Amino acid sequence: MSEERRKLLMGGAAAVGSSLVAPHVWASGSDKPEKEEVRIGFIPLTDCASVVMASVLGFDKKYGVKIVPTKEASWAGVRDKLVNGELDMAHVLYGLVYGVHLGLGGPKKDMAVLMTLNNNGQAITLSKKLADKGAVNGASLAKLMASEKREYTFAQTFPTGTHAMWLYYWLASVGVNPMKDAKVITVPPPQMVANMRVGNMDGFCVGEPWNHRAIMDGIGITAATTQEVWKDHPEKVLGSTADFVKKHPNTARAVIMAVLEASRWIDASLSNKLKMAETIAEKSYVNTGVDAINQRILGRYQNGLGKTWDDPDHMKFFNDGAVNFPYLSDGMWFLTQHKRWGLLKEHPDYLGVARQINQIKLYKQAASQLKINVPKEMLRSSKLIDGVVWDGKDPAKYADAFKVKA
């Protein structure tokens, strides 16, 4: 990025940051970060923006840390580098963190969720070939699959991750069992469009900008947004190992504060969102045209079949702090779906696991210093696409109640 661009962006950041005082010294002694350079992995997706902007806009320096964003090729790579310490933290799938903590299908290590990075803003794309046969949403896809029998292949980005769970939940809501009625494959986000282009899959669930990119390239249509599956759903988190947080609590808090400021900056105005889109479109980050990013972050959607709409539930990074609180019920939900789809054989201690992973105390300390609202309850209630309410109160009963399951 040119020095001129950086100064221009910093001008906007200064306006947001100027009212904030530097953090005070904690009563228990110095709150100086134990580790000043923090390597944070990210995957080329729109929702890496708050981590990238915290670094680009210099919010990290304000709290005595230097965020080094490192671009990764796949979620499996992110997982392995977090576990072996090559990365200190990562922009990472909520369900991946929980999967590693429980050792599902890979290494087992105690993990930590420091904050939620975004709500909403993923989508399910169906191939143009399917759309031409009338499959343009869940109901018409189920009808086509019932009448034209063959093996249908759908892609998600990681077996325990968010996109797998949105895809499965959406298919199940129209009576399609993803474990029995389809073949599901794992493809890294930046490779989704290329794989669909050569006919490797009928549909995929991924984060932006890759759904919009498929429309721009004329190979796919948007059949559903993930906010239709669950309005204001949790998505990516700032994750690390539990060991890292134990050894570097001040560093963890400082990074949360820097990323919170960046989140607030992004959501503060239209022009900030557009500056963010320009920045993350660059080769070192998402590496795509800015026009693949900037429409959907403003809530301007099209489905690739001539329908356009303004979506008030587009990707949010801050939403007055509502996005970032690491609700225990959000983490527990992924465990209920891991149980539903056979990734977990037995019911775990849902609440106990969430309490271990989600660093609520640390998050509250960071948020209170920035005068950011923190909810009183650690559980929240939501109604999903099938009309079922999730409130975290009886997770085992909820997990067992689904008709369509593994």
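The points below are grouped by topic.

This is a predicted model, in which local features need pLDDT of at least 70 and side-chain atom pairs count only at pLDDT 80 or more, while totals for chains, interfaces and linings use all residues. Residues are numbered from 1 along each chain as its sequence is written, and side-chain values use heavy atoms, with hydrogens and water left out.

**Cysteines**

- The whole structure was searched for disulfides (pairs of cysteine sulfur atoms within 2.5 Å), and zero were found.
- The cysteine sulfur closest to that of Cys48 belongs to Cys205 and is 17 Å away, too far for a bond.
- Cys48 is buried (under 20% relative accessible area, with a 1.4 Å probe and protein chains only), at a value of 0%.
- Cys205 is also buried, with a relative accessible area of 0%.

**Largest pocket**

- A pocket is an open set of points, on a 1 Å grid over the protein atoms alone, where a 1.4 Å probe fits, with protein on both sides within 12 Å along at least five of seven lines; lining residues have an atom within 4 Å of a point.
- The largest pocket holds about 240 Å³ of space, a volume being the space filled by probe spheres set on the points, which are joined across faces, edges and corners.
- Its lining has 19 residues, and Ser127, Lys129, Gly199, Met201 and Asp202 lie nearest the centre.
- Helix 6 (128–132) and helix 9 (192–197) each give at least two lining residues; helices are DSSP runs of H or I with at least four residues, numbered from the N terminus.
- Helix 6 provides the largest share of this lining, three residues.

Terms used: Buried < 20%, exposed > 50% of the residue type's maximum accessible area, 1.4 Å probe, protein only.
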